[in-house]
Amino acid sequence: MKTPSTWLVVAGARPNFVKIAPLMKAIRRYNDHDALSGPAVRPVLVHTGQHYDRNLSSVFFEELDIPRPDVNLGVGSGGHGQQTGMVMIALEKFISAERPDLVIVVGDVNSTLAAALVSVKLAIPVAHIEAGLRSFDRTMPEEINRVLTDHVSDYLFTPCEDADRNLLREGIARERIFPVGNILADSVAMILPKTSQSAAAPFVSGIARRCGTEGRYALLTLHRPSNVDRKEVLEGLITTISDLSARVPVIFPVHPRTVKQIRTFGLEEHLAWLDEEPLAARSKTGGRIFAVPAMGYLDFIAVLRGADLVFTDSGGVQEESALLGVPCITLRDRTEWTVTVDCGSNILAGQDAESIRTAFSSALSRPHRQDPRRPALWDGSAAERIVGALKDAAR
């Protein structure tokens, strides 16, 4: 019997969990049907513990049928240097003992860079899923993580053509670049049939009806330090969107870190905080931003799918809205997902109030697209292409 090839899959935060789900399924399918053409794959799933809140971590494993992690490093929160260093220390011990044939990293979080650096120093090949994305904004910690991870990785799996061009421009050899499409499209395809099970979508639609908007609502997500770590910026965004909520109510699943900043800056009065009694709370300023706890993936996709538009600073939400045909207003000046701007689903509005208002009027006038114009290879088969490319390379 051939010895299985060991692939270490490293995930640490919400964006990673969503994207490893189809990869783990594709590996299982390979072992079930195609392993006769080569050694079986023994996947080892490592959770670094970068995100540990249930609604940002374990719920994703449950909803997306991700196997229980083989190890949880439990690094927790901390500054960028501290967190990256803690992951590196813990991973180096584990990888040195495990000696995998390959380490797979996803996206651009601190765990991604930490795993890539440790692996390459131990002379273990690295595969980077979602390679080549660039915002060209070095003030974003994620941009540093992307660039460094790409330049030490052996296999670069890109989601779109501009990512290929970015890597070639940076001098990375073409034979290391594999255009496979967006693995998040696989995840969305997996979760969509389950959204009818979500209690969040009818709850949100009920809020909208009670507000007299016949089920129409917008969605808001905020978590990036550039938007939530300075009072004047966060207050400006919330007050601008609160003004716009006079036209459609806004549902705001609040990231735990953002909750902390809202309370630190004393901005609670701008939001209606919903707990047990759906419409008992009202914002003191008269706005209709309804704050709810951070959602699991099933509930979030169900609510996003029904929204008229979404305000966000998240890269993942830019992708998800493009896949679902929901107009997106990105509260950043630059994005690594320029392909979503090119396909017409995404408007970059930044933090400027007038730009946000203009983008809101434009987005609200757009109908939902039942058949959105998706970028090439955003077809739900990226994970299969990744596993196929890695097995071909191993032969």
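Predicted model: local features only at pLDDT ≥ 70, side-chain atom pairs only at ≥ 80, totals over all residues.
Residues are numbered from 1 along each chain as its sequence is written, and side-chain values use heavy atoms, leaving out hydrogens and water.

**Helix α8**
- Helices (H or I, at least four residues) and strands (E, at least two) are DSSP runs, numbered from the N terminus.
- Helix α8 spans residues 200-210, and its buried residues (under 20% relative accessible area, 1.4 Å probe, protein chains only) include Val204 and Ile207.
- Those buried residues pack against β9 (250-254), β11 (289-293) and α12 (297-306).

**The sheet**
- Seven strands make an open, parallel sheet ordered β3-β2-β1-β4-β5-β6-β7; strands pair if DSSP finds at least two bridges between them.
- At the edges lie β3 (71-72) and β7 (177-179), each pairing on one side only.
- β2 (residues 41-47) joins β3 in the parallel sense over two bridges, and valine 46 has valine 71 of β3 as its bridge partner.

**Nonpolar cores**
- A nonpolar core is a set of buried Ala, Val, Leu, Ile, Met, Phe, Trp, Tyr and Cys residues joined through side-chain atoms within 4.5 Å.
- In the largest core, of 71 residues, Leu23, Ile104, Phe157, Tyr297 and Leu390 touch the most other members.
- Helix α1 (residues 14-33) gives this core its largest share, nine residues.
- A second, separate core has 32 residues, among them Leu222 and Phe252.

Technical notes
Buried < 20%, exposed > 50% of the residue type's maximum accessible area, 1.4 Å probe, protein only. Contact = heavy atoms within 4.5 Å.
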